[in-house]
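These are my notebook entries on one protein model. I record what I looked up and how each term was defined.

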Amino acid sequence: MTLLFANNQISTLKTTGGDDFAVGRIFCIGRNYEAHAREMGKDPNREAPFFFTKWPEAVVNAAPEDKTEIAYPPETANYHHEAELVVAIGVDGFRIAEADANDHIWGYAVGLDMTRRDLQLQARDKGRPWDTGKNFAQSCPTGRLQPAAEKGHIERGEILLTVNGETRQQADISDLIWSVPETIAYVSKFYPLRAGDLIFTGTPAGVGAVVSGDQLDCKIEGLPSLSVRIGGAL
Ligand code: MN
């Protein structure tokens, strides 16, 4: 077989052990904290979760020692941060039972679901797909992935995001409307999950705009922190 074009662009995330995690699909859960559902003008009642996807090229390593800078993306004037717990899948599975979900988790990280909010809201209000608002290169800065086998599963603990040192998002992972095992069970009903897939579990209240030059720092209790600066326009 001769490939016409070499499609060898593998997106990877660094792990705390030094190995690189090859990223497959990225599933992002929407409105998974009550206060954030309210700030987006939606009913926080426990209706079925929903999710959207991003391409692997969205991820970018963003540990403090990486000193990562991401470009301010095109076609937006309202670029938002969404701090989230990221779950990395390590074992394939289809229609995974909630009780078995943790067995499919490789590890966890701190991540940002960066969003062109103006494009997302225009699409949402017209009943159109969210792709241009959500799915673009460098839209998922992520800290080091930490294996669950070594440090255990993340079920609670503070999640905190600061911009230029000022607190913007602060909540607890235990506030998730849909827990991590429930989310894995739900997503895996629609798509067989594969090792390498990532799930961004949703953001708490306090989302807001950033501009070029802003410094974002994000922490989740028990995980390595995330640090990224917003660079100039792409
Ligand atoms: Mn999100």
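**Terms and numbering.** Residues are numbered from 1 along each chain as its sequence is written, and the model is a predicted one, in which local features need pLDDT of at least 70, side-chain atom pairs count only at pLDDT 80 or more, and totals for chains, interfaces and linings use all residues. Side-chain values use heavy atoms, with hydrogens and water left out.

**Entry 1: G165.** I located G165 in the loop between β13 (158-163) and β14 (166-172). For burial I used these limits: buried means under 20% relative accessible area, exposed over 50%, and partly exposed in between (1.4 Å probe, protein chains only). G165 has a relative accessible area of 63%, so it is exposed.

**Entry 2: the manganese ion.** Which residues coordinate the manganese ion? I found E82 (OE), E84 (OE) and D113 (OD), at 2.0 to 2.1 Å. Donors here are N, O and S atoms within 2.8 Å of the metal (3.2 Å for Na, K and Ca); water is not among the atoms, so sites may look incomplete. The spacing of the donor residues in sequence is E-x1-E-x28-D. E82, in the loop between β7 (79-81) and β8, and D113, in the loop between β9 and β10, link distant parts of the chain, being 31 residues apart. I recorded both E82 and D113 as buried.

**Entry 3: T115 and its sheet.** T115 belongs to strand β10 (residues 115-116). Is T115 buried or exposed? It is buried, because its relative accessible area is 0%. Contact means heavy atoms within 4.5 Å. Not counting residues up to four places away in sequence, T115 touches N78, Y79, H80, E82, Q120, G133, K134 and F136. The side chains of T115 and K134 are joined by a polar contact of 2.8 Å. A polar contact is a pair of N or O atoms within 3.5 Å; within protein, one must be able to donate a hydrogen and the other to accept it, and residues adjacent in sequence count only if both atoms are side-chain atoms.

I then traced the open sheet of 3 strands, whose order is β10-β7-β16 with antiparallel pairing. Because β10 and β16 (208-209) stand at the edges with a single partner strand each, one side of each is left without a neighbour in the sheet. Two strands pair if DSSP finds at least two bridges between them; β7 and β16 have 2 bridges, in the antiparallel sense. H80 stands opposite A209 in β16.

**Entry 4: helix α5.** How many residues of helix α5 (residues 180-190) are buried? I noted 9 of its 11 residues, so that the helix is mostly covered. Its buried residues pack against β3 (26-29), β4 (51-54), β8 (83-89), β9 (105-112) and β15 (198-200).

**Entry 5: S11.** S11 lies in the segment before β1 (12-14), and it counts as buried at 16% relative accessibility. Its side chain reaches the backbone oxygen of P56 at 3.2 Å.

**Entry 6: K67.** I found a phi near 45° for K67, a positive value in a residue other than glycine. K67 is in the loop between β5 (59-61) and β6 (68-72).

Terms used. Helices (H or I, at least four residues) and strands (E, at least two) are DSSP runs, numbered from the N terminus.
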